[in-house]
Amino acid sequence: MTNFRLKIVSLLALLLLALGAGVAHAQTTLRVVPLNELKILDPIWTTAYATRDHGFMVYDTLLGTDENFAPKPQMADSWTVSDDQLIWTFVLREGLKWSNGTPVTADDCVASLRRWAARDTQGQDLAKLWKSVVAKDQRTIVIELNKPFPMMLQALAKQTAIPTFMMPKRIAETDPFQPIKDPMGSGPFVFKQDEWALGSKAVYVKNPHYVPRKEAPGGTAGGKVVKVDRVELLSLPDTGTAMNALQAGEVDYWLNPPADMLKLLEANPRVKLQIKDPTGLLAFLRINHVAAPTDSKKIRQAILASIDQKQIMLATVGDPRYFKTCFSLYPCGSPWETDAGNAIAKNHSVSEAKALLKSAGYKQEKVVILHAVDSHINNTLGLMVADSLKRIGMNVELQPMDYQTLVGRRGKKDPIGNGGWSMFATNGIAIDYFDPFSVLLSGAGEKGWPGWVNDQQIEALKGQFAAEGDTAKRKEIAKKIQALGYDTVAYVPLGMVNLPVAFRNNVSGVLPSALNLYWNISIK
(Lines give C-alpha, C1' and ligand atoms only; values in the text may rest on other atoms or scores of the structure.)
Protein backbone atom coordinates (compact mmCIF):
# COMPACT_ATOMS: atom_id res chain seq x y z
CA MET A 1 0.00 0.00 0.00
CA THR A 2 1.43 3.38 -1.00
CA ASN A 3 2.04 6.18 1.50
CA PHE A 4 -0.80 8.14 -0.13
CA ARG A 5 -3.24 5.26 0.42
CA LEU A 6 -2.05 4.82 4.03
CA LYS A 7 -2.75 8.48 4.67
CA ILE A 8 -6.24 8.16 3.17
CA VAL A 9 -7.02 5.09 5.32
CA SER A 10 -5.71 6.86 8.43
CA LEU A 11 -7.81 9.93 7.71
CA LEU A 12 -10.89 7.77 7.18
CA ALA A 13 -10.23 5.95 10.47
CA LEU A 14 -9.87 9.26 12.31
CA LEU A 15 -13.08 10.50 10.68
CA LEU A 16 -14.97 7.38 11.79
CA LEU A 17 -13.63 7.76 15.33
CA ALA A 18 -14.70 11.40 15.37
CA LEU A 19 -18.16 10.47 14.13
CA GLY A 20 -18.41 7.75 16.77
CA ALA A 21 -17.34 10.19 19.46
CA GLY A 22 -19.95 12.63 18.18
CA VAL A 23 -22.69 9.99 18.46
CA ALA A 24 -21.57 9.08 21.97
CA HIS A 25 -21.46 12.74 22.94
CA ALA A 26 -25.00 13.20 21.62
CA GLN A 27 -26.33 10.94 24.37
CA THR A 28 -27.91 13.41 26.80
CA THR A 29 -28.60 12.90 30.50
CA LEU A 30 -30.76 15.21 32.60
CA ARG A 31 -29.57 15.08 36.23
CA VAL A 32 -32.27 16.19 38.66
CA VAL A 33 -32.51 16.83 42.40
CA PRO A 34 -36.19 15.90 42.98
CA LEU A 35 -38.60 16.98 45.70
CA ASN A 36 -38.47 13.59 47.38
CA GLU A 37 -36.78 10.28 46.79
CA LEU A 38 -38.74 7.62 44.90
CA LYS A 39 -39.49 4.75 47.29
CA ILE A 40 -42.70 3.18 45.95
CA LEU A 41 -43.34 2.29 42.30
CA ASP A 42 -47.14 1.92 42.28
CA PRO A 43 -48.95 5.25 41.68
CA ILE A 44 -52.35 3.60 42.23
CA TRP A 45 -51.36 2.20 45.63
CA THR A 46 -49.88 5.46 47.03
CA THR A 47 -50.48 9.18 46.56
CA ALA A 48 -46.83 10.11 47.28
CA TYR A 49 -45.71 12.94 45.00
CA ALA A 50 -42.49 11.15 43.99
CA THR A 51 -44.52 8.13 42.89
CA ARG A 52 -47.03 10.27 41.00
CA ASP A 53 -44.18 11.95 39.07
CA HIS A 54 -42.80 8.46 38.36
CA GLY A 55 -46.27 7.49 37.10
CA PHE A 56 -46.42 10.29 34.55
CA MET A 57 -43.00 9.25 33.22
CA VAL A 58 -43.66 5.53 32.90
CA TYR A 59 -47.42 5.33 32.22
CA ASP A 60 -49.95 7.13 30.08
CA THR A 61 -53.60 8.05 30.68
CA LEU A 62 -56.70 7.87 28.50
CA LEU A 63 -57.17 11.62 28.78
CA GLY A 64 -54.90 14.45 29.83
CA THR A 65 -55.53 17.87 31.36
CA ASP A 66 -54.22 20.94 29.59
CA GLU A 67 -52.75 24.06 31.20
CA ASN A 68 -56.30 25.39 31.71
CA PHE A 69 -57.40 22.15 33.44
CA ALA A 70 -59.59 21.16 30.48
CA PRO A 71 -59.79 17.42 29.62
CA LYS A 72 -58.10 16.53 26.33
CA PRO A 73 -57.44 13.25 24.49
CA GLN A 74 -54.21 11.42 25.28
CA MET A 75 -54.24 7.62 24.78
CA ALA A 76 -57.82 8.00 23.61
CA ASP A 77 -58.15 9.13 20.03
CA SER A 78 -61.82 10.04 20.46
CA TRP A 79 -64.90 9.48 22.60
CA THR A 80 -68.67 9.71 22.36
CA VAL A 81 -71.51 9.70 24.86
CA SER A 82 -75.11 8.67 24.28
CA ASP A 83 -77.91 11.21 24.41
CA ASP A 84 -79.04 9.90 27.81
CA GLN A 85 -75.42 10.25 29.13
CA LEU A 86 -75.34 6.58 30.13
CA ILE A 87 -73.01 5.02 27.54
CA TRP A 88 -69.48 6.37 27.07
CA THR A 89 -67.32 4.97 24.27
CA PHE A 90 -63.57 5.62 24.10
CA VAL A 91 -61.45 4.64 21.09
CA LEU A 92 -57.69 4.25 21.60
CA ARG A 93 -55.12 5.80 19.28
CA GLU A 94 -53.59 3.40 16.75
CA GLY A 95 -50.09 2.11 17.39
CA LEU A 96 -50.00 2.35 21.20
CA LYS A 97 -47.44 -0.06 22.65
CA TRP A 98 -46.10 -1.11 26.01
CA SER A 99 -42.41 -0.53 26.58
CA ASN A 100 -41.66 -4.14 25.58
CA GLY A 101 -43.17 -3.50 22.15
CA THR A 102 -46.45 -5.40 22.61
CA PRO A 103 -49.71 -3.58 21.71
CA VAL A 104 -51.86 -1.74 24.25
CA THR A 105 -55.41 -3.14 24.13
CA ALA A 106 -58.79 -2.07 25.43
CA ASP A 107 -58.70 -5.12 27.76
CA ASP A 108 -55.58 -3.65 29.41
CA CYS A 109 -57.38 -0.35 29.92
CA VAL A 110 -60.52 -1.96 31.35
CA ALA A 111 -58.44 -3.82 33.96
CA SER A 112 -56.55 -0.59 34.75
CA LEU A 113 -59.77 1.39 35.19
CA ARG A 114 -61.12 -1.22 37.60
CA ARG A 115 -57.95 -1.13 39.71
CA TRP A 116 -57.93 2.70 39.73
CA ALA A 117 -61.59 2.86 40.74
CA ALA A 118 -60.91 0.70 43.80
CA ARG A 119 -58.49 3.29 45.22
CA ASP A 120 -59.42 6.76 43.94
CA THR A 121 -62.23 8.75 45.60
CA GLN A 122 -63.80 9.88 42.33
CA GLY A 123 -63.18 6.45 40.88
CA GLN A 124 -65.14 4.91 43.72
CA ASP A 125 -68.04 7.30 43.05
CA LEU A 126 -67.93 6.38 39.36
CA ALA A 127 -67.75 2.63 40.08
CA LYS A 128 -70.98 2.85 42.09
CA LEU A 129 -72.71 3.87 38.84
CA TRP A 130 -71.07 1.29 36.57
CA LYS A 131 -73.42 -1.12 34.88
CA SER A 132 -70.56 -2.53 32.83
CA VAL A 133 -67.03 -1.68 31.70
CA VAL A 134 -65.98 -3.77 28.70
CA ALA A 135 -63.63 -3.94 25.75
CA LYS A 136 -65.77 -3.91 22.64
CA ASP A 137 -62.74 -4.68 20.47
CA GLN A 138 -58.95 -4.21 20.61
CA ARG A 139 -59.22 -0.41 20.64
CA THR A 140 -62.68 0.36 22.03
CA ILE A 141 -63.71 0.73 25.68
CA VAL A 142 -67.39 1.04 26.58
CA ILE A 143 -68.55 2.26 29.99
CA GLU A 144 -72.28 1.86 30.65
CA LEU A 145 -73.76 3.63 33.67
CA ASN A 146 -76.92 3.27 35.74
CA LYS A 147 -77.26 7.04 35.85
CA PRO A 148 -75.32 9.99 34.42
CA PHE A 149 -71.91 10.97 35.80
CA PRO A 150 -71.20 14.51 34.49
CA MET A 151 -67.62 14.45 35.82
CA MET A 152 -66.58 11.47 33.67
CA LEU A 153 -64.02 13.37 31.58
CA GLN A 154 -62.61 15.28 34.56
CA ALA A 155 -62.22 12.04 36.53
CA LEU A 156 -60.40 10.24 33.73
CA ALA A 157 -58.19 13.24 32.90
CA LYS A 158 -57.22 14.51 36.33
CA GLN A 159 -53.62 15.12 37.35
CA THR A 160 -54.17 14.76 41.08
CA ALA A 161 -54.37 11.68 43.23
CA ILE A 162 -55.09 9.28 41.80
CA PRO A 163 -54.59 9.65 38.01
CA THR A 164 -55.91 6.90 35.71
CA PHE A 165 -52.57 5.35 34.78
CA MET A 166 -52.96 2.51 32.27
CA MET A 167 -51.07 -0.75 32.89
CA PRO A 168 -50.89 -4.12 31.10
CA LYS A 169 -53.79 -6.34 32.11
CA ARG A 170 -51.55 -8.89 33.86
CA ILE A 171 -50.22 -6.09 36.10
CA ALA A 172 -53.50 -4.20 36.50
CA GLU A 173 -55.13 -7.36 37.86
CA THR A 174 -52.88 -7.07 40.94
CA ASP A 175 -54.88 -6.57 44.14
CA PRO A 176 -55.34 -2.76 44.31
CA PHE A 177 -54.40 -2.88 47.99
CA GLN A 178 -51.06 -4.53 47.19
CA PRO A 179 -48.30 -2.57 45.40
CA ILE A 180 -47.22 -3.76 41.96
CA LYS A 181 -43.64 -4.87 41.41
CA ASP A 182 -43.38 -4.62 37.61
CA PRO A 183 -43.35 -0.96 36.45
CA MET A 184 -43.88 -1.62 32.74
CA GLY A 185 -45.99 1.06 31.09
CA SER A 186 -46.70 2.76 27.76
CA GLY A 187 -45.51 6.24 28.77
CA PRO A 188 -42.68 8.32 27.32
CA PHE A 189 -40.00 6.84 29.62
CA VAL A 190 -38.88 3.40 30.76
CA PHE A 191 -37.86 2.92 34.39
CA LYS A 192 -34.45 1.25 34.79
CA GLN A 193 -35.25 -0.91 37.78
CA ASP A 194 -31.80 -2.53 37.64
CA GLU A 195 -30.18 0.89 38.28
CA TRP A 196 -32.56 1.98 41.04
CA ALA A 197 -30.66 2.49 44.32
CA LEU A 198 -32.48 3.88 47.35
CA GLY A 199 -30.50 6.74 48.84
CA SER A 200 -28.70 7.26 45.54
CA LYS A 201 -30.70 7.54 42.32
CA ALA A 202 -33.63 6.49 40.14
CA VAL A 203 -32.99 6.24 36.39
CA TYR A 204 -35.29 6.54 33.34
CA VAL A 205 -34.52 6.23 29.64
CA LYS A 206 -36.47 7.27 26.58
CA ASN A 207 -39.13 4.73 25.58
CA PRO A 208 -38.34 3.71 21.96
CA HIS A 209 -41.91 2.47 21.42
CA TYR A 210 -43.69 5.64 22.54
CA VAL A 211 -45.42 7.70 19.84
CA PRO A 212 -46.40 11.16 21.16
CA ARG A 213 -49.47 13.05 20.07
CA LYS A 214 -48.98 15.76 17.46
CA GLU A 215 -50.47 18.64 19.49
CA ALA A 216 -48.26 21.06 21.41
CA PRO A 217 -47.63 19.99 25.03
CA GLY A 218 -49.62 21.57 27.85
CA GLY A 219 -50.17 20.10 31.30
CA THR A 220 -50.50 16.33 30.82
CA ALA A 221 -52.13 16.83 27.41
CA GLY A 222 -50.58 17.16 23.97
CA GLY A 223 -47.37 15.66 22.66
CA LYS A 224 -45.05 14.16 25.26
CA VAL A 225 -41.88 14.51 23.19
CA VAL A 226 -38.79 13.28 25.06
CA LYS A 227 -35.69 15.29 24.11
CA VAL A 228 -33.10 13.63 26.35
CA ASP A 229 -31.91 10.04 26.37
CA ARG A 230 -31.77 9.56 30.09
CA VAL A 231 -33.08 11.15 33.30
CA GLU A 232 -31.36 10.56 36.65
CA LEU A 233 -33.18 11.57 39.84
CA LEU A 234 -30.40 12.00 42.40
CA SER A 235 -30.89 11.80 46.17
CA LEU A 236 -29.26 14.92 47.66
CA PRO A 237 -31.32 15.72 50.76
CA ASP A 238 -28.84 18.29 52.10
CA THR A 239 -29.74 21.64 50.52
CA GLY A 240 -26.18 22.96 50.72
CA THR A 241 -24.89 19.94 48.81
CA ALA A 242 -27.65 20.31 46.22
CA MET A 243 -26.91 24.00 45.70
CA ASN A 244 -23.18 23.41 45.31
CA ALA A 245 -23.83 20.59 42.84
CA LEU A 246 -26.10 22.81 40.71
CA GLN A 247 -23.67 25.71 40.70
CA ALA A 248 -20.76 23.42 39.82
CA GLY A 249 -22.71 21.82 36.94
CA GLU A 250 -22.82 18.41 38.62
CA VAL A 251 -26.63 18.48 38.40
CA ASP A 252 -28.81 20.22 35.84
CA TYR A 253 -32.14 20.81 37.56
CA TRP A 254 -33.16 21.38 41.21
CA LEU A 255 -36.86 21.21 41.96
CA ASN A 256 -37.12 22.86 45.38
CA PRO A 257 -34.37 25.29 46.30
CA PRO A 258 -35.26 26.88 49.66
CA ALA A 259 -36.23 30.55 49.83
CA ASP A 260 -33.09 31.57 51.71
CA MET A 261 -30.84 30.32 48.87
CA LEU A 262 -32.64 31.99 45.97
CA LYS A 263 -30.60 35.22 46.03
CA LEU A 264 -27.37 33.23 45.77
CA LEU A 265 -28.75 31.30 42.82
CA GLU A 266 -30.03 34.49 41.16
CA ALA A 267 -26.48 35.87 41.27
CA ASN A 268 -25.08 32.91 39.30
CA PRO A 269 -25.19 33.68 35.53
CA ARG A 270 -25.10 29.94 34.75
CA VAL A 271 -28.35 29.27 36.67
CA LYS A 272 -31.94 30.21 35.82
CA LEU A 273 -34.91 30.43 38.18
CA GLN A 274 -38.42 29.77 36.89
CA ILE A 275 -41.86 29.75 38.52
CA LYS A 276 -42.88 26.38 37.12
CA ASP A 277 -46.14 25.82 38.98
CA PRO A 278 -48.77 28.44 38.08
CA THR A 279 -50.71 27.70 41.29
CA GLY A 280 -48.01 26.73 43.78
CA LEU A 281 -48.33 25.16 47.20
CA LEU A 282 -51.17 25.53 49.68
CA ALA A 283 -50.02 26.01 53.28
CA PHE A 284 -52.68 24.98 55.76
CA LEU A 285 -53.50 24.13 59.35
CA ARG A 286 -55.48 20.95 59.94
CA ILE A 287 -57.45 20.88 63.21
CA ASN A 288 -58.63 17.77 65.09
CA HIS A 289 -62.45 17.79 65.31
CA VAL A 290 -62.56 14.77 67.63
CA ALA A 291 -60.24 15.47 70.59
CA ALA A 292 -60.99 18.24 73.13
CA PRO A 293 -60.62 21.16 73.26
CA THR A 294 -60.64 21.61 69.45
CA ASP A 295 -63.79 19.51 69.18
CA SER A 296 -65.52 22.84 69.98
CA LYS A 297 -66.51 24.75 66.85
CA LYS A 298 -66.12 28.12 68.58
CA ILE A 299 -62.58 27.24 69.62
CA ARG A 300 -61.79 26.26 66.04
CA GLN A 301 -63.27 29.55 64.85
CA ALA A 302 -61.10 31.39 67.39
CA ILE A 303 -58.04 29.68 65.92
CA LEU A 304 -59.19 30.72 62.44
CA ALA A 305 -59.60 34.36 63.54
CA SER A 306 -56.13 34.40 65.13
CA ILE A 307 -54.27 33.66 61.90
CA ASP A 308 -52.60 36.53 60.03
CA GLN A 309 -51.72 34.97 56.68
CA LYS A 310 -49.46 37.80 55.51
CA GLN A 311 -47.26 37.67 58.61
CA ILE A 312 -47.04 33.89 58.41
CA MET A 313 -46.02 34.04 54.76
CA LEU A 314 -43.45 36.78 55.39
CA ALA A 315 -41.85 34.62 58.08
CA THR A 316 -42.02 31.44 55.97
CA VAL A 317 -40.97 32.75 52.56
CA GLY A 318 -39.84 36.35 53.05
CA ASP A 319 -39.83 37.55 49.46
CA PRO A 320 -43.34 38.77 48.45
CA ARG A 321 -42.65 37.60 44.89
CA TYR A 322 -43.00 34.04 46.07
CA PHE A 323 -46.18 34.02 48.17
CA LYS A 324 -49.70 35.37 48.32
CA THR A 325 -52.58 35.36 50.78
CA CYS A 326 -55.66 33.40 49.78
CA PHE A 327 -58.98 33.10 51.61
CA SER A 328 -60.73 30.56 49.41
CA LEU A 329 -60.87 26.95 50.60
CA TYR A 330 -60.47 26.07 46.93
CA PRO A 331 -56.95 27.46 46.46
CA CYS A 332 -56.64 30.65 44.44
CA GLY A 333 -56.47 29.76 40.76
CA SER A 334 -59.05 27.01 41.10
CA PRO A 335 -62.10 27.31 38.85
CA TRP A 336 -64.18 27.04 42.05
CA GLU A 337 -62.37 29.83 43.94
CA THR A 338 -64.86 31.89 45.99
CA ASP A 339 -65.16 34.28 48.95
CA ALA A 340 -68.18 32.44 50.38
CA GLY A 341 -68.11 32.29 54.18
CA ASN A 342 -64.54 33.59 54.55
CA ALA A 343 -65.20 36.69 56.70
CA ILE A 344 -63.54 35.40 59.90
CA ALA A 345 -60.42 34.32 58.02
CA LYS A 346 -60.17 37.41 55.83
CA ASN A 347 -60.77 39.90 58.63
CA HIS A 348 -58.18 38.36 61.01
CA SER A 349 -58.92 39.81 64.47
CA VAL A 350 -57.18 39.01 67.74
CA SER A 351 -60.02 40.61 69.70
CA GLU A 352 -62.61 38.48 67.90
CA ALA A 353 -60.51 35.38 68.50
CA LYS A 354 -60.34 36.15 72.23
CA ALA A 355 -64.10 36.78 72.32
CA LEU A 356 -64.77 33.43 70.63
CA LEU A 357 -62.53 31.65 73.14
CA LYS A 358 -64.38 33.26 76.02
CA SER A 359 -67.76 32.38 74.50
CA ALA A 360 -66.59 28.77 74.09
CA GLY A 361 -65.75 28.56 77.81
CA TYR A 362 -62.09 27.84 77.11
CA LYS A 363 -60.25 27.16 80.40
CA GLN A 364 -56.60 26.92 79.42
CA GLU A 365 -56.85 23.34 78.22
CA LYS A 366 -53.64 22.33 76.46
CA VAL A 367 -53.57 22.20 72.66
CA VAL A 368 -50.89 20.05 71.04
CA ILE A 369 -49.34 21.02 67.70
CA LEU A 370 -47.61 18.21 65.83
CA HIS A 371 -44.59 20.13 64.57
CA ALA A 372 -42.63 18.86 61.55
CA VAL A 373 -39.13 20.32 61.90
CA ASP A 374 -37.44 18.58 58.93
CA SER A 375 -38.90 21.03 56.38
CA HIS A 376 -38.18 24.77 56.47
CA ILE A 377 -41.73 25.60 55.38
CA ASN A 378 -43.50 23.26 57.79
CA ASN A 379 -41.19 24.19 60.67
CA THR A 380 -41.84 27.92 60.22
CA LEU A 381 -45.59 27.39 59.77
CA GLY A 382 -45.76 25.47 63.05
CA LEU A 383 -43.81 28.13 64.97
CA MET A 384 -45.97 30.94 63.60
CA VAL A 385 -49.24 29.14 64.38
CA ALA A 386 -48.06 28.49 67.94
CA ASP A 387 -47.20 32.18 68.36
CA SER A 388 -50.62 33.21 66.99
CA LEU A 389 -52.43 30.98 69.47
CA LYS A 390 -50.36 32.15 72.41
CA ARG A 391 -51.26 35.75 71.52
CA ILE A 392 -54.95 34.99 72.05
CA GLY A 393 -54.28 33.22 75.35
CA MET A 394 -54.18 29.55 74.43
CA ASN A 395 -52.05 26.99 76.26
CA VAL A 396 -49.87 25.62 73.44
CA GLU A 397 -47.46 22.69 73.34
CA LEU A 398 -45.29 22.23 70.25
CA GLN A 399 -44.19 18.61 69.81
CA PRO A 400 -41.23 18.50 67.38
CA MET A 401 -40.81 15.49 65.04
CA ASP A 402 -39.95 14.62 61.46
CA TYR A 403 -42.76 14.61 58.93
CA GLN A 404 -42.97 10.82 58.59
CA THR A 405 -43.48 10.56 62.37
CA LEU A 406 -46.17 13.22 62.09
CA VAL A 407 -47.94 11.17 59.41
CA GLY A 408 -48.02 8.25 61.83
CA ARG A 409 -49.18 10.33 64.79
CA ARG A 410 -51.96 12.17 62.95
CA GLY A 411 -53.95 8.94 62.64
CA LYS A 412 -54.44 8.74 66.43
CA LYS A 413 -57.92 9.71 67.65
CA ASP A 414 -56.93 9.53 71.33
CA PRO A 415 -57.48 12.34 73.87
CA ILE A 416 -54.62 14.82 74.31
CA GLY A 417 -53.57 13.14 77.57
CA ASN A 418 -53.16 9.80 75.83
CA GLY A 419 -50.93 10.89 72.95
CA GLY A 420 -53.60 12.66 70.90
CA TRP A 421 -53.15 15.92 69.05
CA SER A 422 -54.96 19.16 68.29
CA MET A 423 -53.53 20.35 64.96
CA PHE A 424 -50.62 20.30 62.52
CA ALA A 425 -49.40 22.75 59.88
CA THR A 426 -48.14 21.54 56.53
CA ASN A 427 -48.32 22.22 52.80
CA GLY A 428 -49.19 20.45 49.58
CA ILE A 429 -49.55 21.01 45.83
CA ALA A 430 -52.48 23.38 45.47
CA ILE A 431 -54.17 21.49 42.64
CA ASP A 432 -54.67 18.55 45.01
CA TYR A 433 -57.23 20.71 46.85
CA PHE A 434 -58.85 22.47 43.89
CA ASP A 435 -62.39 21.09 44.13
CA PRO A 436 -64.97 19.86 46.68
CA PHE A 437 -63.48 16.36 46.56
CA SER A 438 -60.34 17.57 48.31
CA VAL A 439 -59.50 15.50 51.40
CA LEU A 440 -59.52 18.77 53.34
CA LEU A 441 -63.24 19.21 52.59
CA SER A 442 -64.29 15.68 53.41
CA GLY A 443 -67.22 15.66 55.86
CA ALA A 444 -67.14 11.86 56.26
CA GLY A 445 -66.16 11.90 59.94
CA GLU A 446 -64.00 8.98 61.07
CA LYS A 447 -63.92 7.60 57.51
CA GLY A 448 -62.35 10.85 56.30
CA TRP A 449 -58.85 12.32 56.43
CA PRO A 450 -57.18 12.91 59.84
CA GLY A 451 -58.99 15.78 61.51
CA TRP A 452 -62.20 13.83 60.93
CA VAL A 453 -64.59 16.60 59.97
CA ASN A 454 -68.13 15.26 60.38
CA ASP A 455 -70.58 17.24 58.28
CA GLN A 456 -73.26 15.33 56.39
CA GLN A 457 -74.44 18.53 54.68
CA ILE A 458 -71.05 18.82 53.01
CA GLU A 459 -71.22 15.20 51.91
CA ALA A 460 -74.74 15.61 50.49
CA LEU A 461 -73.70 18.73 48.58
CA LYS A 462 -70.68 16.93 47.14
CA GLY A 463 -73.05 14.31 45.77
CA GLN A 464 -75.11 17.09 44.16
CA PHE A 465 -71.93 18.66 42.76
CA ALA A 466 -70.90 15.37 41.12
CA ALA A 467 -74.36 14.82 39.62
CA GLU A 468 -74.83 18.37 38.29
CA GLY A 469 -73.85 18.93 34.67
CA ASP A 470 -74.34 22.71 34.54
CA THR A 471 -71.14 24.59 35.44
CA ALA A 472 -72.90 27.67 36.83
CA LYS A 473 -75.04 25.52 39.12
CA ARG A 474 -71.99 23.56 40.25
CA LYS A 475 -70.29 26.83 41.20
CA GLU A 476 -73.24 27.68 43.43
CA ILE A 477 -72.99 24.26 45.09
CA ALA A 478 -69.24 24.77 45.55
CA LYS A 479 -69.96 28.08 47.33
CA LYS A 480 -72.33 26.35 49.74
CA ILE A 481 -69.72 23.68 50.48
CA GLN A 482 -67.10 26.33 51.23
CA ALA A 483 -69.46 28.28 53.50
CA LEU A 484 -70.08 25.09 55.50
CA GLY A 485 -66.36 24.30 55.46
CA TYR A 486 -65.51 27.69 56.94
CA ASP A 487 -68.32 27.47 59.50
CA THR A 488 -67.03 24.18 60.88
CA VAL A 489 -63.38 25.15 60.16
CA ALA A 490 -62.58 22.14 58.02
CA TYR A 491 -59.10 23.61 57.74
CA VAL A 492 -57.35 26.97 58.12
CA PRO A 493 -55.61 28.34 54.98
CA LEU A 494 -52.21 29.82 55.87
CA GLY A 495 -51.29 31.23 52.45
CA MET A 496 -49.92 30.08 49.13
CA VAL A 497 -46.23 29.55 48.39
CA ASN A 498 -44.80 29.64 44.88
CA LEU A 499 -41.05 29.14 44.96
CA PRO A 500 -39.17 28.77 41.68
CA VAL A 501 -37.25 25.78 40.39
CA ALA A 502 -33.61 26.23 39.42
CA PHE A 503 -31.73 24.81 36.44
CA ARG A 504 -28.53 25.35 34.48
CA ASN A 505 -28.81 27.82 31.61
CA ASN A 506 -28.19 25.06 29.05
CA VAL A 507 -31.54 23.49 30.06
CA SER A 508 -34.73 24.56 28.28
CA GLY A 509 -38.31 23.43 27.75
CA VAL A 510 -39.41 23.05 31.38
CA LEU A 511 -43.21 23.02 31.13
CA PRO A 512 -45.41 25.09 33.46
CA SER A 513 -47.11 22.55 35.74
CA ALA A 514 -47.74 21.63 39.35
CA LEU A 515 -46.36 18.22 38.41
CA ASN A 516 -42.72 17.50 37.63
CA LEU A 517 -42.81 16.56 33.97
CA TYR A 518 -39.66 15.58 32.09
CA TRP A 519 -40.78 15.50 28.47
CA ASN A 520 -40.06 18.58 26.30
CA ILE A 521 -36.89 19.33 28.29
CA SER A 522 -33.66 19.57 26.33
CA ILE A 523 -29.99 20.17 27.16
CA LYS A 524 -27.68 22.05 24.82
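Visitor: How many bridges join β8 to strand β9, and do they run parallel or antiparallel?
Guide: Three bridges join β8 to β9, which covers residues 201–206, and the two strands run antiparallel; strands count as paired if DSSP finds at least two bridges between them. Phe 191 stands opposite Tyr 204 of β9. This is a predicted model, in which local features need pLDDT of at least 70 and side-chain atom pairs count only at pLDDT 80 or more, while totals for chains, interfaces and linings use all residues. Residues are numbered from 1 along each chain as its sequence is written, and side-chain values use heavy atoms, with hydrogens and water left out.

Visitor: Which sheet are those strands in, and in what order?
Guide: They belong to an open sheet of seven strands with mixed pairing, in the order β8-β9-β10-β1-β11-β19-β12. The edge strands are β8 (189–191) and β12, each of which pairs on one side only. Helices (H or I, at least four residues) and strands (E, at least two) are DSSP runs, numbered from the N terminus.

Visitor: And what about β1, which way does β1 pair with β10 and β11?
Guide: With β10, β1 pairs in the parallel sense over four bridges, and Thr 29 has Arg 230 as its bridge partner there. With β11, β1 is joined by two bridges, again running parallel, and Val 33 stands opposite Trp 254 of β11.

Visitor: Which helix lies across β8, β9 and β10?
Guide: That is α2, residues 49–58, which runs at about 125 degrees to β8; axes are lines fitted to C-alpha atoms, for helices over the stretch in contact, and angles run from 0 to 180 degrees between N-to-C directions.

Visitor: Switching to α7, which of its residues are buried?
Guide: In α7, residues 239–247, the buried ones are Ala 242, Met 243, Ala 245 and Leu 246, where buried means under 20% relative accessible area, exposed over 50% and partly exposed in between, with a 1.4 Å probe and protein chains only. Seen down the axis of α7, these buried residues fall within an arc of 165 degrees, so they line one face of the helix; the arc is that of the directions from the helix axis to the C-beta atoms.

Visitor: What covers that face, and what sits at the helix ends?
Guide: The cover over the buried residues of α7 includes β1 (29–33), β11 (253–254), α8 (262–266), β12 (271–274) and β19 (501–504), and contact here means heavy atoms within 4.5 Å. At the N-terminal end, Asp 238 caps α7, with a side-chain oxygen 3.3 Å from the backbone nitrogen of Gly 240. Just after α7, Gly 249 takes a positive phi of about 80 degrees.

Visitor: What does the side chain of Arg 93 do with Gln 74?
Guide: A polar atom of the Arg 93 side chain lies 2.9 Å from the backbone oxygen of Gln 74. A polar contact is a pair of N or O atoms within 3.5 Å; within protein, one must be able to donate a hydrogen and the other to accept it, and residues adjacent in sequence count only if both atoms are side-chain atoms.

Visitor: Lastly, how many helices and strands are in the chain?
Guide: The chain has 16 helices and 21 strands, and 52% of its 524 residues count as buried.
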